[in-house]
Amino acid sequence: MSRWLQIWQEQSSSLGPRTTTPADARAVAERVIDELQLNPGARVLDWGCGPAHGSELLAERGIEVLLFDRAHHFIQAAGQHYASCERVHVLNESELRELPEHSMDAVLLCSVLQYLDDTEVNDVLQLASRL
């Protein structure tokens, strides 16, 4: 486990906020929709989703959102928050690996790569390329 993942796994209040605000995430989601020209029915994987604040806007626009994060507390929180949202799905490692080739219209890696070592970056970019 990389040192950064270890830090993200810890719920330490001494580090302060370690993620974007809901308003920031919503602005990023708007930009993603516009720049990638995502239409209703599009499928997006948010790898390293964190609290997944932008997912609501994507889902409101008819986009199916698949969430994955290696920090367990983020996945648990997202699973609870989006439990009743039909367009947002939280994935575990095996579900992520089983996604079919070319099944995503976009793979989002927002504020993620700087926390990964070279091998992890290579792995996630290969996954994104496959999807």
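**Close-up views of the predicted model**

**View 1. Outward face of helix α6.** The exposed residues D118, T119 and S129 sit on the face of α6 that is turned away from its buried side. The coordinates come from a predicted model. Helix α6 covers residues 118–130, 13 residues in total. From the first C-alpha to the last, α6 reaches 18 Å, close to the 18 Å expected at 1.5 Å a residue.

**View 2. Buried face of helix α6.** Four names make up the buried set of α6: E120, V121, V124 and L127. Seen down the axis of α6, these buried residues fall within an arc of 130°, so they line one face of the helix. An α-helix has 3.6 residues a turn, so residues three or four places apart point the same way. The packing partners of the buried residues of α6 are strand β1 and helix α5 (93–97).

**View 3. Aromatic pair between strands β1 and β2.** One aromatic pair is present in the structure. W47 belongs to strand β1 (residues 43–47) and F68 to strand β2 (residues 64–68), so the pair ties together parts that are 21 residues apart in sequence. W47 has a relative accessibility of 8% and counts as buried. F68 is also buried, with a relative accessible area of 2%.

View 4. Over residues 12–17, pLDDT stays under 50. For this segment the model has two contacts beyond four places in sequence. For the protein chain as a whole, the mean pLDDT is 86, and 85% of the residues reach 70 or more.

**View 5. The protein chain around the close-ups.** Six helices and four strands are present in the protein chain. Their order along the sequence is α-α-β-α-β-α-β-α-β-α. Of the 131 residues in the protein chain, 39% are buried. Among contacts with a separation of 6 or more, 61% are between residues 24 or more positions apart. The protein chain has an accessible surface of about 7,700 Å², and carbon and sulfur atoms account for 50% of this area.

Note on methods: Residues numbered from 1 in each chain as written. Predicted model: local features only at pLDDT ≥ 70, side-chain atom pairs only at ≥ 80, totals over all residues. Heavy atoms only, no water. Helix = DSSP H or I, 4+ residues; strand = E, 2+ residues; numbered from the N terminus. Buried < 20%, exposed > 50% of the residue type's maximum accessible area, 1.4 Å probe, protein only. Contact = heavy atoms within 4.5 Å. Areas by Shrake-Rupley, 256 points an atom, 1.4 Å probe, with all protein chains shown as cover. Phe/Tyr/Trp six-rings, centres within 6.5 Å; stacked < 30°, edge-to-face > 60°. pLDDT = per-residue confidence, 0-100. Expected span 1.5 Å × (residues − 1). Arc of directions from axis to C-beta.
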